[in-house]
Amino acid sequence: HRADALPRDMEGLRVVVSAGGTREPLDPVRYLGNRSSGKQGYALARTAAQRGARVTLVSAHTLALPDPAAVDVVKVGTTAELRDAVHKAAADADVVVMAAAVADFRPVTRAEFKIKKTDRDPDPIGLTRNPDVLAELVEARRGVPGSTQTIVGFAAETGDSGADVLDHARAKLARKGCDLLVVNAVGEGKAFETEDNAGWVLAADGTEQPIALGSKSAMATEVWDSAMSLRDR
Ligand code: CTP
Ligand code: CA
């Protein structure tokens with residue numbers, strides 16, 4: 001899609017996109033993190049702006065990516081920072097898309113100084129759970145009668161011995177309570193640190209739309225098309 005070929009169907013909408021991956025510091029030089037590049041979230045933000053939306057992009061550790069044109073970019077590091085920025089921007093947003101890979105856990109303590117190695121084995125790293133920002137968004141919306149906000153989650157899933165990718169994704173959609181869940185199948189060179197994405201858009205009403213392997217911009221277009229058709233109903 002070229003920008004000038006995109007519809008201006010998101011004019012007047014305020015959207016929030018989170019992108020990248022949060023990192024939880026262990027000490028001043030080390031962190032727990034993940035491999036999200038932020039490219040999918042940036043493609044979503046860029047596409048929404050091109051379609052006329054007012055976009056806030058909450059960006060966690062996406063240093064290699066240039067700010068998309070005409071997008072308000074808020075840089076964050078930890079899950080706590082991402083959570084604050086997302087909730088602030090989401091308060092008056094029409095659509096919130098959580099494309100960021102949010103760290104599920106953080107170290108219980110954060111050392112003030114660099115942890116030094118000694119002759120002894122290191123202490124184990126104690127972890128505690130982070131808040132689920134997506135679930136909090138759904139909960140916050142529940143507290144606003146008549147809210148028309150649309151909430152979109154992302155999930156990168158692998159199949160395992162018990163269930164396939166779609167089984168996991170359907171359960172996650174139900175658990176999270178969001179309107180759409182965009183599912184990427186991971187493994188075999190898909191999703192992380194690549195240019196292309198494939199998957200499904202699952203809707204809370206049971207609709208399941210496959211997304212063919214294509215660019216992250218093409219996937220962004222599919223995601224916004226799904227969100228806009230949901231809002232038209
Ligand atoms: N998410 C979030 N806050 C968290 C964890 C995840 O907002 N603490 C959001 C992600 O941005 C994504 C969606 O929830 O949009 C699904 O994330 P995922 O990690 O797939 O879900 P989890 O519930 O953490 O399940 P899993 O055990 O598979 O990691
Ligand atoms: Ca997770």
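Trainee: Leaving aside its neighbours within four places in sequence, which residues is Val97 in contact with?
Mentor: Val97 touches Val16, Val17, Ser18, Leu44, Val152, Phe154 and Trp224, where contact means heavy atoms within 4.5 Å. Keep in mind that this is a predicted model, where local features need pLDDT of at least 70, side-chain atom pairs count only at pLDDT 80 or more, and totals for chains, interfaces and linings use all residues. Residues are numbered from 1 along each chain as its sequence is written, chains are lettered from A and ligands numbered from 1 in the order written, and side-chain values use heavy atoms, with hydrogens and water left out.

Trainee: And which members of the largest nonpolar core touch the most others?
Mentor: Of its 33 residues, those are Met10, Val15, Leu44, Val55, Leu57, Val97 and Trp224. Such a core is a set of buried Ala, Val, Leu, Ile, Met, Phe, Trp, Tyr and Cys residues joined through side-chain atoms within 4.5 Å. Buried means under 20% relative accessible area, exposed over 50%, and partly exposed in between (1.4 Å probe, protein chains only). Another core of 28 residues lies apart from it, with Val76, Leu137, Val183 and Leu202 among its members.

Trainee: OK, switching to charges. How many salt bridges are there?
Mentor: The structure holds 14, each one a side-chain nitrogen of Lys or Arg within 4 Å of a carboxyl oxygen of Asp or Glu. Glu136 and Arg83 form one, with their closest N and O atoms 2.7 Å apart. Glu136 sits in helix α3 (residues 133-142) and Arg83 in helix α2, so the pair ties together parts 53 residues apart in sequence. Helices here are DSSP runs (H or I, at least four residues), as are strands (E, at least two), numbered from the N terminus.

Trainee: What about Asp179 and Arg141, buried or exposed?
Mentor: Both are buried. Their side chains meet in a salt bridge (2.7 Å, N to O). That pair links distant parts of the chain, 38 residues apart: Asp179 is in the loop between α4 (165-176) and β10 (180-185), while Arg141 is in helix α3.

Trainee: Which residue does Arg170 pair with?
Mentor: Asp167, with the closest N and O atoms 3.7 Å apart. Both lie in helix α4, three residues apart, about one turn of the helix.
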